[in-house]
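Hello,

Here is the structure I promised to pass on to you. Have it open while you read, and my notes on what turned up in it follow below.

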Amino acid sequence: MNASVKPAFPPAFPPVETLVPHAAPMLLIDRVLNADAESLTAEVRITKNSLFFTPTHGVPAYVGIEYIAQSVAAYSGWRAQSAAPGTAPKIGYLLGTRKMTMACDGFADGDVLVIHVQNIFEDGEMGVFDGEVRKGDEILVSARINVYQPDDAATPSETPTSNQETTKP
């Protein structure tokens, strides 16, 4: 292939469920649109079946912080899989937020939201990310979040659920 010819389609990203250590119904973002060494862009389509959706208010805007946090998780999973294909996503924790703003009360049925996260600071297990939730050109939610992902964090398959036994007989 000629090096000057660009592919007609952007590169495909792995399914989001392989990048984020959540399963339905708690997996809230739908897909990764783009990623690079410092950022990731994801998408979610709001429907009447979306978690937290109510007929009178849609999905509350404060859920935007979880869209941002899951996009950070997808960024972490994408980086891990880029370094070692097949790597399972590790569990991380949202510690808090600074400078969160919401320009609306909620997201309506049919809204297509684009979430962009930017890695601002990383020091071992700690990280700081700026995130935005947009509808078109309008920023609906923005926040700077602090996250923690311990080096020895278990993958979801290693973590017992509430209905699994945690001790051997």
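Glu132 stands opposite Ser142, a residue of strand 8. This is a predicted model, so please keep that in mind as you look around. Strand 8 pairs with strand 7 (residues 126-135) in the antiparallel sense, and the pairing runs over 10 bridges.

Now step back to the sheet around them. Six strands make up an open sheet, with antiparallel pairing, in the order 1-2-6-7-8-4. Which strands stand at its edges? They are strand 1 (31-35) and strand 4, and because each has a single partner strand, one side of each is left without a neighbour in the sheet. From one strand to the next, the twist averages 25 degrees.

Next, look for helix 1, which covers residues 64-83. It lies across strand 1, strand 2 (39-45), strand 4, strand 6 (112-123), strand 7 and strand 8. Relative to strand 6, helix 1 runs at about 60 degrees.

Is Ser71 buried or exposed? Its relative accessibility is 0%, so Ser71 counts as buried. Leaving aside residues up to four places away in sequence, Ser71 touches Ile29, Leu40, Ala42, Ile115 and Val117.

How many aromatic pairs does the structure hold? There are four. In one of them, Tyr93 and Tyr148 are stacked, with 6.3 Å centre to centre and 25 degrees between the planes. This pair links distant parts of the chain: Tyr93 belongs to strand 4 (residues 93-102) and Tyr148 to strand 8 (residues 138-148), and the two are 55 residues apart. Tyr93 has a relative accessibility of 44%, so it counts as partly exposed. Tyr148 is partly exposed as well, because its relative accessible area is 28%.

Finally, a word on confidence. The mean pLDDT of the chain is 88, and 83% of its residues reach 70 or more. Over residues 159-169, however, pLDDT stays under 50. For that stretch the model has four contacts beyond four places in sequence. Where pLDDT is low, predicted coordinates should not be read in detail.

Happy exploring, and do write back with any questions!

Best wishes

Note on methods: Residues numbered from 1 in each chain as written. Predicted model: local features only at pLDDT ≥ 70, side-chain atom pairs only at ≥ 80, totals over all residues. Heavy atoms only, no water. Phe/Tyr/Trp six-rings, centres within 6.5 Å; stacked < 30°, edge-to-face > 60°. Helix = DSSP H or I, 4+ residues; strand = E, 2+ residues; numbered from the N terminus. Buried < 20%, exposed > 50% of the residue type's maximum accessible area, 1.4 Å probe, protein only. pLDDT = per-residue confidence, 0-100. Contact = heavy atoms within 4.5 Å. Pairing = 2+ DSSP bridges. Axes fitted to C-alpha atoms, helices over the stretch in contact; angles between N-to-C directions.
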